[in-house]
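Colleague: Please show me the model, and let us then discuss it in turn.

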Amino acid sequence: MKKCPFCAEEIQDSAIKCKHCGSNLYAQEPPRRSSSSGQGKSKITAGLLALFLGGLGIHKFYLGKSIGVLYLIFFWTFIPAIVALVDAIILLTMTDENFDRMYNQ
Ligand SMILES: [Zn+2]
């Protein structure tokens, strides 16, 4: 016998649903998130931010990277705009798996 994690009543080892509270006992396993849905940062959002506001480092701030400050400081040189364009291409072409590994830990 094991215990239901939700109501602490004893249940069958093979039970899928708790007969006391009706909880799905497999619901507590971490759900395998399908790529583009769910919480966390979006690859597309980051890519579009890089494309349109990348010269200001907005996509870096969105991704939680403090290096975005450098984009702001050097905004007037237009170098950040070029770097951001490269960032945008990398972000939009990378796989969801790679994106999640880098930014959605
Ligand atoms: Zn229960």
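Predicted model: local features only at pLDDT ≥ 70, side-chain atom pairs only at ≥ 80, totals over all residues.

Modeller: Residues are numbered from 1 along each chain as its sequence is written, and side-chain values use heavy atoms, with hydrogens and water left out.

Colleague: What is the geometry of the site of the zinc ion?

Modeller: Donors are N, O and S atoms within 2.8 Å of the metal (3.2 Å for Na, K and Ca); water is not among the atoms, so sites may look incomplete. The SG atoms of C4, C7, C18 and C21 coordinate the zinc ion at 2.2 to 2.3 Å. Four donors count as tetrahedral if all angles lie between 85 and 135 degrees. The angles among the four donor atoms here are 107 to 112°, and the site is tetrahedral.

Colleague: Is C4 buried or exposed?

Modeller: Buried means under 20% relative accessible area, exposed over 50%, and partly exposed in between (1.4 Å probe, protein chains only). The relative accessibility of C4 is 3%, so C4 counts as buried.

Colleague: Which residues does K60 touch, not counting residues up to four places away in sequence?

Modeller: K60 has a relative accessibility of 14% and therefore counts as buried. With contact meaning heavy atoms within 4.5 Å, the residues touched by K60, leaving out those up to four places away in sequence, are K65, I67, G68, Y71 and D87.

Terms used:
Tetrahedral: all angles 85-135°; square planar, octahedral: opposite > 155°, others 65-115°.
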